[in-house]
Amino acid sequence: MHLRVLPGPALAERTTLRLGGPALAEVRIGSERALDELPGRLEELGGRPMALGHGSNVLAADGPLPVVLLRVPEGDRPETVFSSGEETVVRAGAGMGLPALLSWCARHGLSGLEGLAGIPGAVGGAVAMNAGSFGNDVSQVLERVLLYSPCCGLRWAGRDDVRMGYRFFAPQTADAFFLVLGVELRLTKAEPEAVRAALDATWARKRAAQPLAAASAGCVFKNPEGAAPAGRLLDEAGFKGRRLGGMAFSEVHANFLVNLGGGTAVQAFELIQAAREAVAGRFGVALELEVKVVA
């Protein structure tokens with residue numbers, strides 16, 4: 001058996017916002033061969049499947065949740081699969097931490113991901129959300145992604161086989177659900193010192209403007225097209241530092257919802273709804289959630 005099933009893990013223990021009740025189960029996938037067993041096991045467990053990496057972009061409801069968490073293996077260290085001229089294609093497992101991948105790229109003098117510094121998630125989650133910041137995101141360097149779905153099995157999908165946009169990723173096929181197992185990224189050769197300096201500069205910029213040490217899920221809302229950034233709108237609407245129980249919009253950056261300790265999802269949803277209504281009423285802008293809600 002290559003699948004390990006854990007009963008009833010709490011989302012509060014699996015997410016950076018530290019919120020959420022128990023899932024039905026967690027299925028840990030030990031190898032690609034284990035995927036053959038997955039559909040049958042999911043049918044036995046019931047509920048809906050949900051891929052979960054490091055849980056850094058998740059807002060889960062309180063109480064029992066009708067989901068089965070799917071966790072992929074961390075995989076081996078990244079490897080170079082192609083190199084020519086100034087370009088190098090690197091392969092990494094979806095379970096690897098994004099910070100670890102960025103450090104590896106810096107050591108090997110590979111540029112293209114520096115804007116992702118400070119994002120605490122796993123590589124698979126970064127692909128599934130098309131993570132990015134400061135104008136740099138995964139779509140700009142994606143070469144191929146290793147996907148699994150019950151309808152299509154395990155396959156490598158090229159850039160033309162997926163749809164990507166602002167914090168959005170989906171296969172072109174109509175998968176009921178999919179897992180990201182690995183990724184190939186086309187990066188540019190550079191001096192290791194230059195890559196490290198760019199990563200450090202991104203870190204410094206984020207540390208000065210974001211609550212990186214807080215229990216949060218990153219940005220709550222997407223930046224609306226054709227309007228000011230969500231954080232500025234929330235700030236001007238009076239939500240920077242706004243608190244309800246143990247939950248609050250950060251005093252550092254208004255678009256970060258933080259758990260100050262003992263917070264609940266009910267408090268989080270109430271704050272979010274109040275913020276959306278205030279921004280819509282004052283600016284006529286409908287804020288769209290960036291954080292993934294599990295309920």
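How do the residues of the lining of the second largest pocket divide into nonpolar, polar and charged? In this predicted model, eight of them are nonpolar, five polar and six charged, where Ala, Val, Leu, Ile, Met, Phe, Trp, Tyr, Cys and Pro count as nonpolar, Asp, Glu, Lys and Arg as charged, and the others, Gly among them, as polar. The model is predicted, so that local features need pLDDT of at least 70 and side-chain atom pairs count only at pLDDT 80 or more, while totals for chains, interfaces and linings use all residues. Residues are numbered from 1 along each chain as its sequence is written, and side-chain values use heavy atoms, with hydrogens and water left out.

The volume of the second largest pocket is about 390 Å³. A pocket is defined on a 1 Å grid over the protein atoms alone, as an open set of points where a 1.4 Å probe fits, with protein on both sides within 12 Å along at least five of seven lines; lining residues have an atom within 4 Å of a point. Grid points are joined across faces, edges and corners, and the volume is the space filled by probe spheres set on the points. The lining comprises 19 residues, of which Glu-32, Gly-75, Asp-76, Gly-93 and Leu-181 are the closest to the pocket centre. Strands E7 (87–93) and E15 are the elements that give two or more residues to this lining, and E7 gives the most, with three residues. Helices (H or I, at least four residues) and strands (E, at least two) are DSSP runs, numbered from the N terminus.

The structure contains 13 salt bridges, each a side-chain nitrogen of Lys or Arg within 4 Å of a carboxyl oxygen of Asp or Glu. Arg-144 and Glu-184 form one of them, at 3.0 Å from N to O. Arg-144 belongs to strand E11 (residues 142–149) and Glu-184 to strand E15 (residues 179–189), so this pair ties together parts that are 40 residues apart in sequence. Arg-144 is partly exposed at 28% relative accessibility, whereas Glu-184 is buried at 4% (buried, under 20% relative accessible area; exposed, over 50%; partly exposed, in between; 1.4 Å probe, protein chains only).

A salt bridge also joins Arg-41 to Glu-44, with the closest N and O atoms 3.4 Å apart. The two residues are three apart in helix H1 (residues 38–45), and are therefore separated by about one helical turn. Arg-41 is partly exposed at 21%, and Glu-44 is exposed at 62%. Salt bridges also link Arg-14, Glu-26, Arg-28 and Arg-71 in a network.
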